[in-house]
Amino acid sequence: MTSDSRGTASTFAQLGTVTKYSFLNYLRARRFLVMVLIVSIINLALTAAVAYTRSAAFLDSTPLGFYGAWWGSFIDISILLTVVFFGGDAISGEFQNKTGYFLAPNPVRRSTLYVGKYLAAFIASTLILVLFLAFTLANGLYYGMGVPTQFAESFLFAWLYLLTALGVTFMFSSLFKTTSISILITVLLFLFVFTVIDELSTILLKIEPWFSITYAEGIIANILTVPFPLHYVAAITSGPGARFSFPTYNATVPEGLEIMAVYLIVCSLLGLLIFERKEFN
Amino acid sequence: MSKTYGSFNALVDLNLKIEGSKCVGFLGPNGAGKTTALKIFTDLIRASEGQALINGEDAHTRKKAALESVGTLIETPEIYPSLTPREALTMIAEIRGVPRAERKKAVEDAVAQVKMEEWLDKRVGKFSKGMKQRIDVASSLLNDPSILLLDEPSTGLDPRGMSEVRTIVKSLKGKNRLIFMSSHILSEVADVCDEVAMIDHGKLLVYDTLANVTAKFSGDVNVVEVGLLNPVDPTFITASISKIPGIVTAEKMDERNIRIKYSGGLDTQASILSDMLKLNVPVLSYRPAASALEDVYLNLIKETL
């Protein structure tokens with residue numbers, strides 16, 4: 001087919017465009033409001049519970065203890081919900097809902113679409129993370145807790161975990177063309193599969209689950225513990241005629257960061273490759 | 001190029017070269033391979049063998065260069081429901097490289113062509129299928145593309161919308177554009193297309209001008225329909241019009257329409273019109289009959305999936 005030709009936008013400009021409009025779509029979608037409500041409800045419930053019970057776990061401890069109990073206990077589930085909401089069907093939806101037919105047959109690389117949507121989901125998810133952060137800080141400051149540097153580190157680890165978990169979610173989303181399946185797989189993976197693998201590896205095989213992302217994200221809460229938990233702890237229980245050993249592994253900070261970085265790189269590349277090769281039919 | 005899914009051959013050695021400024025109708029029954037071919041041209045799927053080239057650029061390996069001056073409408077795309085047509089089309093305009101200063105006007109012009117101005121700032125999620133299809137058509141017109149790949153552009157549109165799409169395609173032909181359009185509507189193809197490619201079971205059956213296709217497969221007999229300003233006497237039709245050189249038969253369809261079968265090509269078609277005007281026949285319209293194309297279609301495509 002031949003005819004005249006004219007220029008098109010640069011890949012960088014196209015990336016900005018896809019990110020901007022995908023983010024706008026996220027912001028206006030009901031799921032963003034639902035996620036804001038969930039995080040608000042979790043934090044308001046915590047606020048009310050701490051105010052009413054004056055729990056020693058929160059108020060009679062150091063600032064690190066307060067932030068560990070508040071942020072460290074609930075941020076991982078919030079991140080999980082966020083990545084499922086914003087990443088679970090991000091790519092599969094382009095196939096099932098046929099929105100991909102509007103964007104893809106244009107002079108734009110598929111990788112640009114993938115990365116643009118990924119960045120949009122990351123920005124939207126970051127807003128939710130910041131909302132959680134704001135609730136935590138507001139309560140901490142209200143109760144006279146200073147902000148320790150470890151809390152800033154914990155926030156950065158959580159942010160990296162969010163980026164990584166989104167990468168994993170996007171990879172699974174690009175594997176399937178049905179949104180419900182890609183969402184279900186993501187939920188099962190983070191809620192059950194990784195957790196079961198962690199437990200089986202530690203308790204039965206007695207090996208460190210260095211290959212698990214949920215093992216790595218332990219550094220988000222552990223950094224708020226002083227001293228930092230030991231890398232390996234063996235709890236020994238003795239009974240009549242029997243002696244049981246229950247090992248516990250805690251990822252060190254460098255190890256946790258490395259695992260997350262590897263997941264981020266591998267899953268992002270795999271997701272991109274799958275989306276590049278996937279056919280709209 | 002070819003495309004296979006397991007043992008199913010969706011496209012078999014499709015070899016089609018289209019160039020110039022014209023409208024080419026791409027016809028075939030359901031499952032014939034029309035959308036498959038268009039999807040390969042837009043890199044929505046990959047050819048199992050061969051290449052789809054646009055302006056010499058491979059649509060898969062050099063997609064950005066290949067599609068830079070191509071407007072596309074494949075199947076019935078959905079738009080992010082929370083966006084307005086203005087936002088969705090601005091997104092496409094930005095991707096297609098419409099300069100910032102021209103973007104607003106380009107979007108508004110495209111929306112005006114599909115008569116959706118009053119919905120420009122309403123969210124797409126509330127639109128009917130036909131309204132979305134109009135916006136999809138508008139998106140294919142952004143950045144004044146020199147090639148348009150349209151997959152059944154009238155799908156989901158009401159009669160007025162279908163007519164408007166035909167008007168848009170005709171106007172694009174006037175602007176020296178190349179339009180490759182699949183359709184099930186033979187009258188639409190007969191009305192707006194200069195050439196026709198027919199495909200069945202993934203194989204190209206014929207590609208030629210509309211007149212040549214109908215002549216070739218109708219025993220060199222073509223059909224034109226003549227619209228009349230005033231009714232003419234039936235005896236005048238049999239005594240005078242049917243005696244014009246080239247005409248095989250001339251028959252009255254109703255008070256204001258005559259159906260003429262003639263032997264020959266475009267030259268004969270033109271000379272018949274000229275002779276009728278000399279006979280003071282009040283010709284209002286004169287065009288190849290869609291039914292002729294239908295006859296060819298039904299003859300060529302004996303079986304459908």
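Residues are numbered from 1 along each chain as its sequence is written, and chains are lettered from A in the order in which they are written. In this predicted model, local features need pLDDT of at least 70, and side-chain atom pairs count only at pLDDT 80 or more, while totals for chains, interfaces and linings use all residues.

**Exercise 1.** Determine the strand order of the open sheet in chain B and the helices that pack on the sheet.

*Solution.* 
1. Strands are DSSP runs (E, at least two residues; helices are H or I, at least four), numbered from the N terminus. Two strands pair if DSSP finds at least two bridges between them.
2. The order of the six strands is β6-β7-β8-β3-β9-β10, with mixed pairing.
3. β6 (70-73) and β10 (203-209) are the edge strands, each pairing on one side only.
4. Parallel strands β7 (residues 147-151) and β8 (residues 178-182) are joined by five bridges; B:L148 stands opposite B:I179.
5. Helix α1 (residues 34-41) touches β3, β7, β8 and β9 (contact: C-beta atoms, placed from the backbone, within 7 Å). Helix α6 (residues 159-174) touches β3, β7 and β8.

**Exercise 2.** Describe the contact between domain 1 and domain 2 of chain B from the side of domain 1.

*Solution.* 
1. Domain 1 spans 3-207 and domain 2 spans 218-300, with bounds from an automatic or database domain assignment.
2. Their C-alpha centres lie 33 Å apart.
3. Domain 1 contributes eight residues to the contact and domain 2 six residues.
4. On the side of domain 1, α7(B) gives the most, with four residues.

Technical notes:
Contact = placed C-beta atoms within 7 Å. Axes fitted to C-alpha atoms, helices over the stretch in contact; angles between N-to-C directions.
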